Amino acid sequence: MNIQRESPNRENREKISKFRWQYCCPMDSHQSFWNGSLLRKRALGTGGPRMGRLQSGAARGLHSLRFLDAKTAANEGDAWKAVEKWFDENSVGGRLCKDKFGACIGMRDSKEFAEELFDALARRRCIDGTNGVTLEELRGFWEDISNNDLDTRLHIFFDMCDKNGDGQLSEEEVKEVLVMSASANKLSNFKQHAGTHASLIMEKLDPDNLGYIEMWQLETLLRGMVSSDEGNKLTKKTQTLARTMIPRKYRTPVTKFLSKTTEKIHENWKRIWVLALFLCANIALFTWKFIQFKRRSPFHIMGYCLCVAKGSAETLKFNMALILLPVCRRTLTKLRETFLGTLVPFDDNINFHKVIALAITIGSFVHVATHMGCNFVRIINCRPNKFMAILGQAFDYKQPSYEDFLQSVLGLTGIFMILVMAFSLILATRLFRENVIKLPWPFHHLAGFNAFWYAHHLLVIVYILLIIHGLFLFLTKEWYKKTTWMYILVPVLAYASERILTFHDDNHRVDIDKAIIYTGDVLALYMSKPPGFKYRSGMYLFVKCPDISSFEWHPFSITSAPDDNYVSVHIRTLGDWTTALKDRFAQICEPEVAQTRRGNLIRLETRAKSNLDPSNSKIDQSQSRYPTILIKGPYGAPAQSYHKYDILLLIGLGIGATPFISIIKDLLNNIKPCETKTEMEDEGPGAKKCPERAYFYWVTKEQGSFEWFKGVMDDIAQHDKNRIIEMHNYLSCVYEEGDARSALIAMVQSLQHAKDGVDVVSQSRIRTHFARPNWRKVFSQLATTHGPSRIGVFYCGSHTVTKILRNLCHEFSSNTTTRFHFHKENF
């Protein structure tokens, strides 16, 4: 007998669901939702005892299933006001159409998902949404998706999956939802294999091969979801308890200020004494020249403007000499290993270079302003008899005009120096150097690393003009008193010598062992290791390809371990030069056919020549196909000091993981030697120290990035038997765990990892987290776990996270017994 199914309205759907929960569910699921049925009966006025709901593990897990982000859900009232505003902007004739629903509720980037949610909510409330919904109906939708009731949210999610409203999910319906979720989270590879993942869900939840799953089975699958709400509440309670345990030194404003200041000084004492010495030197030079010209006769015409101009000129000469020293990379690399490394913060060389550049900018402005706005004017307007008596001899007894000053050697050299320095300074700013600003066509080449690099080389002209400028002073005639050349002679010779020595000694032409182009525009180069090329993990080198440019050198972190018999770098194509380099190798590389690859993560690679006879002429023929590659270095970087710490916290964003790949490989190579050291060896003065543990946090926004990083993750999983290295991958393009848009992806990930130990997102054995890390939670766990230890925090990535990590290092170093030392990679 055929039974006609009831129409899928809300009341009938709930009756069907109640029947299945009570009579078809296993005991644990039946018990889990029995109390929920009582609450629904009470809400519908059908009686039942007034009692609190007993939440099962699954029910607690459903706290994480939400349609709004946590911030929006916490401010529901303010969020609805924003929704009303968006409704007014997007509605037509007082009705909001389906394709505008996502933008209205904060799902602008998940349009397809939002449209499916719209249809489910419309079916739930028996609304025909073909022509859109009114504000009142939208309010009902909003109440449903922001409802705190667990069953309501589960019903809505099930309704989204169950499009035909029969209370059953077929494999095809599960696949459609997986495709939709993958699109919302920008997971192209996951989307291509949605059918396989849907089969995995059906295999797990439909053991009897009925061809469908029901709501209680979906609830079982949601057990693995962790409640973020409870974690947040626990964090808040912990913070509240911490406030009641404030140490005595922080209880009053005065003692708190003194304690914080002392801690800041202790943490930054290297930077403080270097900056203090720098400031004292500038103040002393300015004061000396100021007093000197105050006592000279021209002071009676130009007054204090002359003193200020000459004082600023003296600091300019000093700073123009000093600014060359922080960029002598070869010298700094050697000085890092001496006792000076414990006194001078060599890791901040680029920051100090910028500080000196700021001092030059200020000094130039003051010098030019006082001369052109005060001194020149006073000389021109001075009475002739007074001018002849005091300054006549200096100007050949001819009182100059303003044009005479500008057309003189001093005026012309000064103007050209200011123009060139201003041009170089502008192109060195982050907006231009990192190509943030987009210039119109005639000027688009002025943004990017190339423009910054070439503009900085124009400063050679500035130094030539500076020497000429210092030789034609109006008020100083004795050659030995013209000290500009004396200031800059030694630094210029030191810098020039380093560039010349680097050009001749450290330029290594290397053979290409293998080149791989990964999805995500990452080029990996495996090069022959030049004789005597010794480096430490964390160092970097410069790469030049004469086939592209005869002058450009670009810095890249070394990703091979010091013990490897090759040198490797991973290059992300971000600019013109890197794109051209990738295109050159793309012409030679071939698709990999050694193994079947999943999805669209197809990589191109060259044939390795390691299996060829070195005496074979085929090697030369193979190398002739490759672009010519030159390297120079290695050069020191903050990460090379990792071995000084007890614990390592390595944080890389995107391609920023490259400085730490070498460290990870080196740690894997040295885990056993470190573990087998005897106590006597550890106490020896020459013993090499190994960190006890390393935590590696890698955050990327592209699934394709896992392709080039997969080898490192597999090495960690395979060789790190004692779990010395703890790897955490985060894919920021996926919505945070608990969001309905990523719920099924998290389920598939859990099932796949339990089945064969492979992560469905990265295709490695390291499991991937969604969204971004909670850095405060990470630091708190490290401080709790490792107690009085020295933790080295090494970071490479965008500037936005730098301040957050630096502040957390200071905060937890001050409030716990753990000492966090922050280092940021600078090239």
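Colleague: Quick one on β16: which residue there is the bridge partner of G652?

Modeller: That's C796. Keep in mind we're looking at a predicted model.

Colleague: Why would you call β12 largely enclosed by the rest of the structure?

Modeller: Because six of its seven residues, in the stretch 647–653, are buried.

Colleague: Switching to helices. At what angle do α18 and α20 cross?

Modeller: Roughly 150°, with the axes coming within 8 Å. Anything over 145 degrees counts as roughly antiparallel, so that's what α18 is relative to α20.

Colleague: Left-handed or right-handed crossing?

Modeller: Left-handed. For the residues in that contact, you get 15 nonpolar, eight polar and one charged.

Colleague: OK, now T818. Where is it found?

Modeller: T818 is in the loop between α35 (799–815) and β17 (819–824).

Colleague: Is T818 buried or exposed?

Modeller: Buried: its relative accessibility is 0%, and the cut-off for buried is under 20%.

Colleague: What does T818 touch, leaving out residues up to four places away in sequence?

Modeller: A783, G787, S789, I791, F812 and S813. Of these, I791 falls within the 790–796 range of β16. As for A783, it sits 35 residues from T818 in sequence, with the C-alpha atoms 5.6 Å apart.

How values were computed
Residues are numbered from 1 along each chain as its sequence is written. This is a predicted model: local features need pLDDT of at least 70, side-chain atom pairs count only at pLDDT 80 or more; totals for chains, interfaces and linings use all residues. Side-chain values use heavy atoms; hydrogens and water are left out. Buried means under 20% relative accessible area, exposed over 50%, partly exposed in between (1.4 Å probe, protein chains only). Helices (H or I, at least four residues) and strands (E, at least two) are DSSP runs, numbered from the N terminus. Two strands pair if DSSP finds at least two bridges between them. Axes are lines fitted to C-alpha atoms, for helices over the stretch in contact, and angles run from 0 to 180 degrees between N-to-C directions. Angles under 35 degrees count as roughly parallel, over 145 as roughly antiparallel, 65 to 115 as roughly perpendicular and the rest as oblique. A crossing is left-handed if the near helix is turned anticlockwise from the far one by less than a right angle, and right-handed if clockwise. Ala, Val, Leu, Ile, Met, Phe, Trp, Tyr, Cys and Pro count as nonpolar, Asp, Glu, Lys and Arg as charged, and the others, Gly among them, as polar. Contact means heavy atoms within 4.5 Å.
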